[in-house]
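Hello,

Here is the structure I promised to pass on. My notes follow below it.

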Amino acid sequence: MNKGLVVSAAAAAAVAGALLIGTGISANPVLTPEQTLDRRAIGELEFSPDGSKLAFTVTDPVKGKARARAIWLLDLNDLNGGRLRQLTFSGASDGSPRWAPDGSAIAFTSDRDGGEAQLYLLSLRGGEAERLYGGKEKVESFRWSPDGARIALLMKEPKPDTRVARERDRDDGRVADKDDLRARIWMLDMASRRLAQVTAGWWKVDQIEWLPDGRELFAVATDHPETDQWIHRIYRVNVRGVLGSVPQAVTDVEFVQVAAPRGPFGSLSVSPDGRTIAYIGARTDGPEPHDLYLQPIAGGAPENLTGASLDRPIGQPRWIDERSLTVHVQRGFASTLATIGRDGQTTLLDDLDVNPTAYARAGGVNAGTLAYVGETVTRAPELYIKTPGARPRAATTLNKAWASVPLAVPAFIKYKSADGVDIEAELLKPVASKQPPAASNQPPTAINQPQGPWPFVVLVHGGPTGRWADAFEPWGQLLAARGYAVLYPNVRGSTGYGHAFVEMNRGDWGGGDFKDVIAGVDAMVAQGIADPSRLGIGGWSYGGYMAAWAVTQTARFRAAVSGAPVIDMASEFGTEDGSAYDEWFYGTPYERLDGFIKSSPITHVKNVKTPTLLLQGEDDLTDPVGQSQQFYRGLKRYHVDTDLVLYPREPHGLREEKHLLDRMNRIVGWFDKYLMKGN
């Protein structure tokens, strides 16, 4: 797993006004679905080789079915002078900026020519971006060679002419796996602009990184891409035969295995001296990468640097020098950055003010300076700069309009589950907009409604190896703005609380995790926050599973919203992408079917009485559409009030503007229909 309605401005305003009926909240400005989409995302931070400049991307709010993304540049040597500027203006998706080793140019990907993302070069001396070669296949990733003479790319090979002709004639049957086009390594010579294919055969490559000598690559790859198991390995790939002008394709390149990590892994990073690979790997055999490992390139066993000393999910490893790295760390709802020495000594950076997501660390003239994107529930994402020994400072105001939007301020609480396990949760109480005096220049503020209990919705995150974080989440904020209390529990199985906590729901979906949800509901009822006669539950992916499971186990919830759920775990296993994840929890249905049946909502669908809204992308390969269809038919069989909303073209996460708006309006409308008094 871990994994439409057209709304005009006038109609949206009418809907927003209608949603206030029965809440007791005044019709002052209230958060709307349209506002929740009106946020700019910041990411893909990359310092120049000398540390003087930072390239990053800014993604605009979705319009139609696309989000424009541009590359921006910040000059760190002139922060006070406002040297922040946009570099690309294609109106398309420009991303993955990477500096040439001499700092003179930035290579990036773009779909500005109307097809798949291709590779471009932008000189810092000015002028238009140059497309580096002609082609149609999507560039999945790329890396400059250390001397800047070549760029290694990951890209699928072109369709054979015979296949193109067959597809044109609608004679396009294909053999699964055998006819699939796989990601290959390619080499682009920068002097001649000639491109050569480096790998072929059954090899599928997921990540590449150069060794400092520029003569070999490291690759995360497999020669059995047809399998549904975690069998990727780390290999050395000798590219000496594709130096210079790369005159022809090299298809007999040797893959030399360096390491075979157990379970899922990724985020390879090569040390500056070329002796060690850092990667994020699984503690045992799954279910997700969790700890920082160091693998000697010369061979030998990998060393887990953080399993015992930190025991929190690690990400984005970046070498500082041969002896230490910077990493991203999840800690409950919060996040931070940390430096970790080869001896395992860890220093957490606890003065970052907001929760970092993407980050980069400068070398050269600004050695030790950190750039990071930070946010909280009530502070929209911005770019921050922290120089050694100084407090962080915001370098952008790209989402400044959000400072005037009244949002529910969260309380982070803990409660005991049925077996005494501590569960951390975020609680939103209903808010009202308090308009400032006409002469005031101060923004409106969010204030708690003074009395409870309130209609109450518990939202469960995706995963189960996911978490709720101290960041804006639209479903709950929309509900809180309309008179609901909302609880976000990080139930057992969530990340951010140690690996043992992640493992607590292995083979037990719908068991202890469901008891964690119910314990949170009980705690909120006991505190006078939740109205026991007006309880709702919702979520997406694993959260959708939990909403569906809940209504098969209890009639306490008066309304449920289940998005992209798992309903029949056995049929999901055979039709989803990434079944190795589910195998870690339950084995395979071919050998251990009982567990799949026990934990599947479809097994208990005859018990459901709760009105349930099902939301599903039709092109979802993570939790395929058949899952929602099965539950919908079962609910209809037993005369449960239900709707199944299908979103064409949408994968596991919805992307198109009108679909996103439709989903949010339907969620609020469904809970209003069943939980608001007078409806």
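**What I found**

Four strands make up an open sheet, ordered β25-β26-β27-β28, with antiparallel pairing. Its edge strands are β25 (355–361) and β28 (393–394), and each of them pairs on one side only. Please keep in mind that this is a predicted model.

Now the β25 pairing. Five bridges join β25 to β26 (residues 370–375), and the two strands run antiparallel.

In general, nonpolar side chains tend to be buried together in soluble globular proteins. Here the largest nonpolar core has 50 residues, and F456 and F631 touch the most other members. Helix α7 (residues 542–553) gives the most to this core: eight residues. Another core lies apart from it, with 43 residues, including V62, F333, W475 and A564.

What does F456 touch, leaving aside residues up to four places away in sequence? Its contacts are Y484, A485, L487, V521, M524, A530, R534, L535, G536 and L675.

Last, a helix pair. The axes of α6 (residues 512–526) and α7 come within 11 Å and cross at roughly 80 degrees. Angles from 65 to 115 degrees count as roughly perpendicular, so α6 is roughly perpendicular to α7. On the α6 side, the contact is made by D513, F514 and V517. On the α7 side, Y542, M546, W549, A550 and Q553 take part. The residues of this contact divide into six nonpolar, one polar and one charged.

Best wishes

Key. Residues numbered from 1 in each chain as written. Predicted model: local features only at pLDDT ≥ 70, side-chain atom pairs only at ≥ 80, totals over all residues. Heavy atoms only, no water. Pairing = 2+ DSSP bridges. Core = buried A, V, L, I, M, F, W, Y, C linked by side-chain atoms within 4.5 Å. Buried < 20%, exposed > 50% of the residue type's maximum accessible area, 1.4 Å probe, protein only. Contact = heavy atoms within 4.5 Å. Axes fitted to C-alpha atoms, helices over the stretch in contact; angles between N-to-C directions. Parallel < 35°, antiparallel > 145°, perpendicular 65-115°, else oblique. Nonpolar A, V, L, I, M, F, W, Y, C, P; charged D, E, K, R; others polar.
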